[in-house]
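Please look through the structure shown below with some care, and keep it at hand while reading the report that follows.

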Amino acid sequence: MGALPTDPAVRLTAADLLDTEPEVAFDRITRLAARIIGVPVSLVSILDTDRQFFKSQVGLPEIWAERRQTPLSHSFCQHVVASGEPLVVDDARSHPLVRDNLAIDELGVEAYLGVPIRTPDGDVIGSLCAIDHTPRQWTADDRSAVEDLVAMLGTELVLREEVRFRREAEEQAQLLSHEMTHRVKNSLAAVQAIVSLSLRSKQSAEAICPVLLERLGSLAKTQSLVMESDGRGALFAAILASEIQPYDVGARIRVQGPDIWIAPGDAVTIGMILHELAMNAAKYGALAPGREGTIDIDWQESRSEEEGRRLRLTWRETARFQASATLETDGAEASGFGSQLLDKLIVRQLAGRIDRDWSDRGLVFTADFAISEPKSA
């Protein structure tokens, strides 16, 4: 068996099994439980906040088999999940924990043997249970059989998590490959934009040359700053400066915000985000040829118990052009890879939110996303 995923985004949870279709792997487990132990009913029950969902079932009354769930008022399995231990009930009507449970009369649960189902990282999400319609003394062999079947089910869950992890890794690799191709194309576009901005200054070639070389060099410095951070990371302002420096013509770009340290892993993603925003501004927005626009950039950090450490970025572009032209040109870009990449980076990788507000004056782009704690200096 391969190593388990460490990324919380790919770990299996109860939510991944709730309200899903029946599957052969689970149905095989419940059929074996009913056959080996000799019971009329066997369930793979997954617990939600207010109900239990039957991922698989054998022998339930038709109405409950069709619904594939019951409220917790009809659940013995909730006690297995709550304790994380097997629950053995020989006679439900006299058992102090469940004697008032509605499943006794409505589902015919007179005897119950349930063993917890755990995800690969140890969370209890449900129960595999055997149910009899008459009181019964469960034997050690009965319990051992259910535990063996739960172990088989655990192997299935591990495989599912590993498949998800590998699929996620493949998607990330494809995204990286696409991004590298995209960035090569953008680098060429960046060179063209930088040359265009430099030539518009109407200076002599001798005066333009060193400035032009400095702007082109800043593209390389951006990559070094983002990709080769020290153990602590980098300041957000420094990442931003590296990305916008090639386009900063006088007072057309204004920035304001506190010193915020960004962890190395987040710095790479944030550098990509700022790179896309600057490139779009140079190609389609306030810095595009003929638009004579300005950009105001500000950022703030926040913290809360619910969402942790977050950064709010506001990117305001103001340009002198008609709204119809803006929406026609920028609308096309909004559906392109650059916009899709921003959504993936901010929403998916940084658990963030995006708001784009277009008007005849330009664009207000607001992003709020999670950032990790930086390492100590």
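Among contacts in the protein between residues at least 6 apart in sequence, what percentage join residues at least 24 apart? The share is 65%, where contact means heavy atoms within 4.5 Å.

This is a predicted model, in which local features need pLDDT of at least 70 and side-chain atom pairs count only at pLDDT 80 or more, while totals for chains, interfaces and linings use all residues. Residues are numbered from 1 along each chain as its sequence is written, and side-chain values use heavy atoms, with hydrogens and water left out.

The protein has ten helices and 13 strands, which are DSSP runs numbered from the N terminus (helices are H or I with at least four residues, strands are E with at least two). Of its 377 residues, 44% count as buried, a word that stands for under 20% relative accessible area, with exposed being over 50% and partly exposed in between (1.4 Å probe, protein chains only). The protein exposes about 18800 Å², and carbon and sulfur atoms supply 52% of this area.

| Residue | Element | Relative accessible area |
|---|---|---|
| Arg309 | strand β11 (residues 308–318) | 7% |
| Met279 | helix α8 (residues 264–283) | 1% |

The side chain of Arg309 has a polar atom 2.7 Å from the backbone oxygen of Trp261, and the side chain of Arg309 also reaches the backbone oxygen of Ser372 at 2.6 Å. Leaving aside residues up to four places away in sequence, Arg309 touches several others, including Ile260, Glu301, Phe369 and Pro374. As for Met279, this residue and Tyr247 are 32 residues apart in sequence, and their C-alpha atoms are 9.1 Å apart in space.

A cavity is a set of points, on a 1 Å grid over the protein atoms alone, where a 1.4 Å probe fits but cannot get out, and its lining residues have an atom within 4 Å of a point. By this rule there are two cavities of 30 Å³ or more, and about 60 Å³ of space lies in the second largest cavity, a volume being the space filled by probe spheres set on the points. Among the residues that line the second largest cavity are Leu43, His74, Phe76, Tyr112 and Ile131. By class, this lining has eight nonpolar, three polar and no charged residues.

How values were computed
Accessible areas come from the Shrake-Rupley method with a 1.4 Å probe; for residues, only the protein chains shown count as cover. On a 1 Å grid over the protein atoms alone, a cavity is a set of points where a 1.4 Å probe fits but cannot get out, and a pocket is an open set with protein on both sides within 12 Å along at least five of seven lines; lining residues have an atom within 4 Å of a point. Ala, Val, Leu, Ile, Met, Phe, Trp, Tyr, Cys and Pro count as nonpolar, Asp, Glu, Lys and Arg as charged, and the others, Gly among them, as polar. A polar contact is a pair of N or O atoms within 3.5 Å; within protein, one must be able to donate a hydrogen and the other to accept it, and residues adjacent in sequence count only if both atoms are side-chain atoms.
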